[in-house]
Amino acid sequence: MENSKNLGINTICTHIGEVKDEQFKGAVSPIYMATSYAFDGVDVKRYPRYLNTPNQEALVKKIAALEKTENALIFGSGMAAVSTTLLAFLHKGDHIVLQQTLYGGTYNFVVEEFDKFGIEYSFTEGLSIKDFEKQIQDNTKVLYIETPSNPLLTITDMKAVSKLAKSKGIVTMIDNTFASPINQTPIDFGIDIMIHSATKYMGGHSDILAGAVAASNEHIDKIWNIAKNLGGSLSDFTVWMLERSLKTLNLRVKRQSKNALKMAKYLAIHPEIYHVYYPGLKGHPNYKLAKKQMKLFGGMLSFELKEGIDAMEFQNQLQLIKPSMSLAGVESTMLSPAQTSHALLSPEERAKQGIKDGLIRFSVGIEETKDLIADIEQAIQKVKK
Ligand SMILES: *Cc1c(COP(=O)(O)O)cnc(C)c1O
């Protein structure tokens with residue numbers, strides 16, 4: 001299957017981008033683990049670091065079809081995808097505007113590495129279009145957004161950002177990890193380049209580290225040129241694992257999103273919960289915008305427990321929901337961002353991003369919500385003073 005036009009989402013997930021087993025007619029892609037290929041008949045010699053082994057070349061077709069782009073690339077991690085893509089478009093003397101609420105690893109990459117390359121950067125103060133406009137300079141080359149953001153699920157207006165950028169000849173990039181292409185296809189709103197930590201929803205089983213970028217052929221060529229030099233490629237076994245995972249992407253993400261909405265509604269009226277952050281709740285400040293640009297609202301939410309209930313003690317009492325640094329697996333997990341994902345930020349930086357010590361991030365899995373609710377209830381009863 002090569003052409004994904006007119007195919008439904010589950011058909012794309014299942015069939016696009018497979019390696020045909022011509023020899024034995026097996027039902028799934030064979031894995032080509034070779035790091036050495038004959039050099040006849042191909043323009044670019046096949047080599048895993050050139051991102052053109054049979055499995056690598058096949059899988060990007062599925063990712064491009066999901067993001068509705070011409071092309072895609074896969075990487076050894078989400079950060080390999082982020083760093084390679086940023087360095088492909090930013091040269092010495094260039095400037096980038098990034099939104100203030102950003103994945104911790106991306107933030108660290110920018111503030112720890114960009115000075116060495118002579119790349120200038122600014123973070124927005126808020127997420128309104130005025131906040132982005134204010135930071136743009138004559139040498140701004142890239143606008144970088146993340147929506148919904150981690151961990152407070154803020155929503156950025158993709159259409160407004162891309163319009164602003166286009167009027168000034170600036171390239172737009174989005175970290176689309178949290179929504180996944182199931183809930184949001186940013187190209188429909190004019191965004192140029194979609195980046196994923198495939199470790200999360202694309203992998204979906206908490207057993208794969210991978211990254212992906214989807215964009216036009218022109219942009220992908222530019223990223224490929226530096227990708228082969230930086231060397232952050234994905235091993236063919238993991239490529240094969242990722243292909244298998246993506247077959248159920250729509251089924252998993254839809255179920256997780258429906259579960260998350262149910263859990264958000266339950267938590268929002270709970271007497272021991274102070275606040276719930278979920279873009280699918282009518283009380284969320286960006287509910288209308290989220291509804292415009294997302295299909296469902298995703299499987300991630302955050303909440304703050306009322307004073308007197310310690311966030312760590314609460315999580316220690318959970319029996320079904322696991323503590324976890326990562327997210328988006330089929331199993332439900334929780335973490336305290338201040339102690340984990342955002343621990344490398346200074347307390348001042350965390351405060352600026354609105355991340356309180358008692359905040360809990362909840363990655364909702366595919367379980368029955370009645371069982372998740374029972375688990376949370378028993379944990380709260382145990383730690384309530
Ligand atoms: C995890 C994550 C990343 C980084 O991906 P890795 O696969 O861990 O390198 C980037 N962005 C977001 C939103 C993430 O959740």
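Which residues in H3 meet which residues in H4? I put this question first to the model, which is a predicted one.

**Entry 1: H3 and H4.** I looked up helix H3 (residues 78–89) and helix H4 (residues 104–117), and I noted that they pack at an angle of about 35°, with their axes 11 Å apart. The crossing of H3 past H4 is right-handed. From H3, I listed Met 79, Val 82, Ser 83, Leu 86 and Leu 87; these meet Gly 105, Thr 106, Phe 109, Phe 114 and Phe 117 of H4. Sorted by class, this contact of H3 with H4 has 7 nonpolar, 3 polar and no charged residues.

**Entry 2: Ser 180.** I then turned to Ser 180, which I found in helix H7 (residues 180–183). Is Ser 180 buried or exposed? I recorded Ser 180 as buried, because its relative accessible area is 0% and buried means under 20%. Setting aside neighbours within four places in sequence, I found Ser 180 in contact with His 196, Tyr 201 and Val 253.

**Entry 3: S12.** Lastly, I examined strand S12 (residues 359–363). I counted 5 of its 5 residues as buried, so S12 is largely enclosed by the rest of the structure. In a regular strand, side chains alternate between the two faces of the sheet. I therefore checked each side of S12: Leu 359, Arg 361 and Ser 363 are buried on one, and Ile 360 and Phe 362 are buried on the other.

Which strands are joined to S12 by bridges? I noted strand S9 (residues 300–305), antiparallel to S12 and joined to it by 5 bridges. Strand S11 (residues 333–335) also runs antiparallel to S12, with 3 bridges. Phe 362 in S12 stands opposite Leu 301, and Phe 362 is also the bridge partner of Met 334.

Notes:
Residues are numbered from 1 along each chain as its sequence is written. This is a predicted model: local features need pLDDT of at least 70, side-chain atom pairs count only at pLDDT 80 or more; totals for chains, interfaces and linings use all residues. Side-chain values use heavy atoms; hydrogens and water are left out. Axes are lines fitted to C-alpha atoms, for helices over the stretch in contact, and angles run from 0 to 180 degrees between N-to-C directions. Helices (H or I, at least four residues) and strands (E, at least two) are DSSP runs, numbered from the N terminus. A crossing is left-handed if the near helix is turned anticlockwise from the far one by less than a right angle, and right-handed if clockwise. Contact means heavy atoms within 4.5 Å. Ala, Val, Leu, Ile, Met, Phe, Trp, Tyr, Cys and Pro count as nonpolar, Asp, Glu, Lys and Arg as charged, and the others, Gly among them, as polar. Buried means under 20% relative accessible area, exposed over 50%, partly exposed in between (1.4 Å probe, protein chains only). Two strands pair if DSSP finds at least two bridges between them.
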